Amino acid sequence: MEGVGGDNASAASPVSQWGHDVWRMYQYYLDKTTPHAVYRWIGTLVVVIIYCLRVYYVQGFYIISYGLGIYLLNLLIGFLSPLVDPELEVSDGPLLPTKGSDEFKPFIRRLPEFKFWYSMTKAFCIAFVMTFFSVFDVPVFWPILLCYWIVLFVLTMRRQIAHMIKYKYVPLNMGKQKYGGKKPSGSSSGSRGD
């Protein structure tokens, strides 16, 4: 006698195995893209251009674009924010230095670059697919949505920049930092009377 659902379990097993194999292959190729940040962002730029052309061609789906803009703003704030906000939490973990004599601790993002890229790309792909369904084409007056999003962006970024200035951190780094090393002092570099 077989267990409960013996026939159904054996029929679902190849389908679930196939789904698992597809997911593993997807994850494998996604992991291989991790060190290639420039190519990833170029690919995302292509996806963004395709989405913008689709919205321009159809002359609709502005509410999807507005929701996408709000989501991207949320991702950007997570990308620019430290993992541990010194304003909210006192932690035993790494904190941002507040004085020149404090020990240097690297900036750790709340949303790492890879997750930021992945979420952004996935959001544009989902929004692109949504443009093929007329149920999402809600008639709106798009200039008001654009103005509201710009005001929201400016206010949010002003608050974020004030936070950066207050706690003295810069979330963007452009390559490896160069250090000047020790500077020679004036008395030791002078000539000795030999």
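Predicted model: local features only at pLDDT ≥ 70, side-chain atom pairs only at ≥ 80, totals over all residues.
Local features need pLDDT of at least 70 and side-chain atom pairs count only at pLDDT 80 or more, while totals for chains, interfaces and linings use all residues.

Student: Which side chain does R40 meet in a salt bridge?

Tutor: A salt bridge is a side-chain nitrogen of Lys or Arg within 4 Å of a carboxyl oxygen of Asp or Glu. Side chains of opposite charge can pair when their charged atoms come close. Here the N to O distance is 3.0 Å, and the partner of R40 is E113.

Student: Is R40 buried or exposed?

Tutor: Buried means under 20% relative accessible area, exposed over 50%, and partly exposed in between (1.4 Å probe, protein chains only). E113, the salt-bridge partner, is partly exposed at 25%. R40 has a relative accessible area of 5%, so it counts as buried.

Student: Which backbone oxygen does the side chain of R40 reach?

Tutor: A polar contact is a pair of N or O atoms within 3.5 Å; within protein, one must be able to donate a hydrogen and the other to accept it, and residues adjacent in sequence count only if both atoms are side-chain atoms. Contact in general means heavy atoms within 4.5 Å. Not counting residues up to four places away in sequence, R40 touches T33, T34, E113, F114 and W117. At 3.2 Å, its side chain reaches the backbone oxygen of T34.

Student: Which residues does T44 touch, not counting residues up to four places away in sequence?

Tutor: T44 is also placed in helix 2. Its relative accessible area is 2%, so T44 is buried. With sequence neighbours up to four places away left out, the residues it touches are W117, M120 and T121.

Student: What is the C-alpha to C-alpha distance between Y71 and S119?

Tutor: Y71 lies in helix 3 and is partly exposed, because its relative accessibility is 36%. Y71 touches S119 and A123, not counting residues up to four places away in sequence. Y71 and S119 are 48 residues apart in sequence, while in space their C-alpha atoms are separated by 9.5 Å.

Student: How far apart are the end C-alpha atoms of helix 5?

Tutor: The expected span of a helix is 1.5 Å times one less than its number of residues. Helix 5 (residues 142–167) has 26 residues, so it should span 38 Å. This agrees with the distance between its end C-alpha atoms, which is 37 Å.

Student: Which helix do the buried residues of helix 5 pack against?

Tutor: The buried residues of helix 5 are L145, T156, M157, Q160, H163, M164 and Y167. They pack against helix 3 (62–80).

Student: Is F61 buried or exposed?

Tutor: F61 lies in the loop between helix 2 and helix 3. Most residues other than glycine have a negative phi. F61 is not a glycine, yet its phi is positive, about 60 degrees. At 4% relative accessibility, F61 is therefore classed as buried.

Student: What share of residues 38–57 is helix?

Tutor: An unreviewed UniProt entry annotates residues 38–57, 63–84 and 140–157 as "transmembrane region"; such annotations may be inferred rather than shown by experiment. In the model, the end C-alpha atoms of residues 38–57 lie 28 Å apart. The span is 0% strand, and its helix share is 100%.

Notes. Residues numbered from 1 in each chain as written. Heavy atoms only, no water. Helix = DSSP H or I, 4+ residues; strand = E, 2+ residues; numbered from the N terminus.
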